Amino acid sequence: MAPSTSLLLSFFILFSHLFSASSSEEIENTPLTITLPLTPTFTSKPSMDPMLFLQELASESKSRAHLLKYGKSSPLVKSPLYPIVYGGHTISLSFGTPPQKLSYLVDTGSHVVWAPCTTHYRCINCSYSAKEVPFFKPQLSTSLKTLNCKNPRCTSECPRCKGNPKNCPQICPFFVQYGTGAEAGYYLSEDLHFPEKILHNILVGCATIGLREISTFAMGGFGRSMFSLPVQMGVKKFAYCLKSHYFDNTRNSSNLIFDYRDGDTKGLSYTPFLKNPPDYPIYYYLVVKNLMLGKKILPISSKYLAPGSNGSGGLVIDSGFAFGYMAGPVFKIVTNELKKQMYKYKRSREVEELSGFTPCYNFTGRKIEIPDLIYHFTGGATMVVPGNRYFRFIPQIGFGCFPVTTDAAKTLEFTPGPSLILGNYMQVNHYIEFDLKNDRLGFRQQTC
């Protein structure tokens, strides 16, 4: 049986050493923009069996949805582990002096930066061996500073400080919990190197132990947090344009842009980010005015389209989620209308039962025509998602499925958390800009 998250934290505290820390931040030779290659990520080849592959996709989607909806307040999700990360994207970052390059997942649903750390890193009940993990070696860096609990940048609970961290020398513990696992270690600050540019004192989690992880990558948190990577870098906005990914080992790179400039970007439509509810402080919340399927406006209650004060309802845009999520009542309305408009295709109940997705259709020998899914946001911005960007096709068997996940029991109750999550699969061939300075999302459709 896997240890609890409290045991993970206790393990860390027991074996951590005490260090001093610095919290000042400096930026040298700050450019107007920094552009990095953005690469789709897979840890190994996906299952060659198309049905098993769909099952793996469904399981990963449900775990991600559970994380974003219930976050830290929920227990760890007990889901099958598969040796692949579906639909993620990484950038290469170089921390330390001399620089140590690792691949970091770009995740707008995470709030901190961390990396597997030290030669003693281990992972319990993970889908890989610790020997396979690229890790940061703090002992090789001359610019490393660790944080203790009295440092103002340490916001973690420090058990040994007994409620008085001001004079406590205990090292600042690092701990994050995900839908499928957790990581623990300690915080440090490091230099982040770009060509001819260095950013000092970036806060990074040094993960020394993991639990039930499915990826060997480090994590680049891009969420709404003072410790996310773009906020620590001091950028005013960041943007990406994702190319199509087919869930194989193809490295189809695009770009991630860190932008220090203010103002509108040519050709973008904007919609404001909402003030985050207390229970969901790191997500990028948007208000949907209405949702259309083809030319049909869907009769979805406004309580699902706009978030309430408790965080229920509204849409969250997420770079780390491949297909996205719809709450039970929204999912039912969307799929019922989809079935009406797709009446000329034969549904496959067998594929639906085997895959966990619904509805699924047999497109063998047929011209594929799927209605657009259209999001109308506040501020007048409209995002059109073509059918081939929200349907998952299985060419080996001539079938396609609607891969958006919903609540496990398909409940029609109003559940906590966002009612809609816009995954990166629907964001393909859109230039997406997160304007942190002006609290808004900008986008335009284009070939990436």
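These legends describe close-up views of a predicted model.

View A. Strand 24 and strand 25 (residues 399-401) run antiparallel and are joined by 3 bridges. Here Arg-392 stands opposite Cys-401 of strand 25.

**View B. The disulfide of Cys-117 and Cys-206.** The structure holds 7 disulfides, and a disulfide is a covalent bond between the sulfur atoms of two cysteines. Cys-117 is joined to Cys-206 with an S to S distance of 2.0 Å. The link of Cys-117 and Cys-206 is left-handed, with -90 degrees about the S-S bond. This pair links distant parts of the chain, 89 residues apart: Cys-117 lies in the loop between strand 5 (113-116) and strand 6 (122-124), and Cys-206 lies in strand 10 (residues 197-211). Cys-117 counts as buried because its relative accessibility is 1%, under the 20% cut-off. Cys-206 is buried too, with a relative accessible area of 1%.

**View C. The disulfide of Cys-149 and Cys-158.** The sulfur atoms of Cys-149 and Cys-158 are 2.0 Å apart. The torsion about their S-S bond is about -100 degrees, so this disulfide is left-handed. Both Cys-149 and Cys-158 are buried.

**View D. The disulfide of Cys-161 and Cys-168.** In this pair the sulfur atoms are 2.1 Å apart. The disulfide of Cys-161 and Cys-168 is left-handed because the torsion about its S-S bond is about -80 degrees. Cys-161 is buried, with a relative accessible area of 8%, and Cys-168 is buried with 7%.

Conventions: Residues are numbered from 1 along each chain as its sequence is written. This is a predicted model: local features need pLDDT of at least 70, side-chain atom pairs count only at pLDDT 80 or more; totals for chains, interfaces and linings use all residues. Side-chain values use heavy atoms; hydrogens and water are left out. Two strands pair if DSSP finds at least two bridges between them. Helices (H or I, at least four residues) and strands (E, at least two) are DSSP runs, numbered from the N terminus. A disulfide is a pair of cysteine sulfur atoms within 2.5 Å. Buried means under 20% relative accessible area, exposed over 50%, partly exposed in between (1.4 Å probe, protein chains only).
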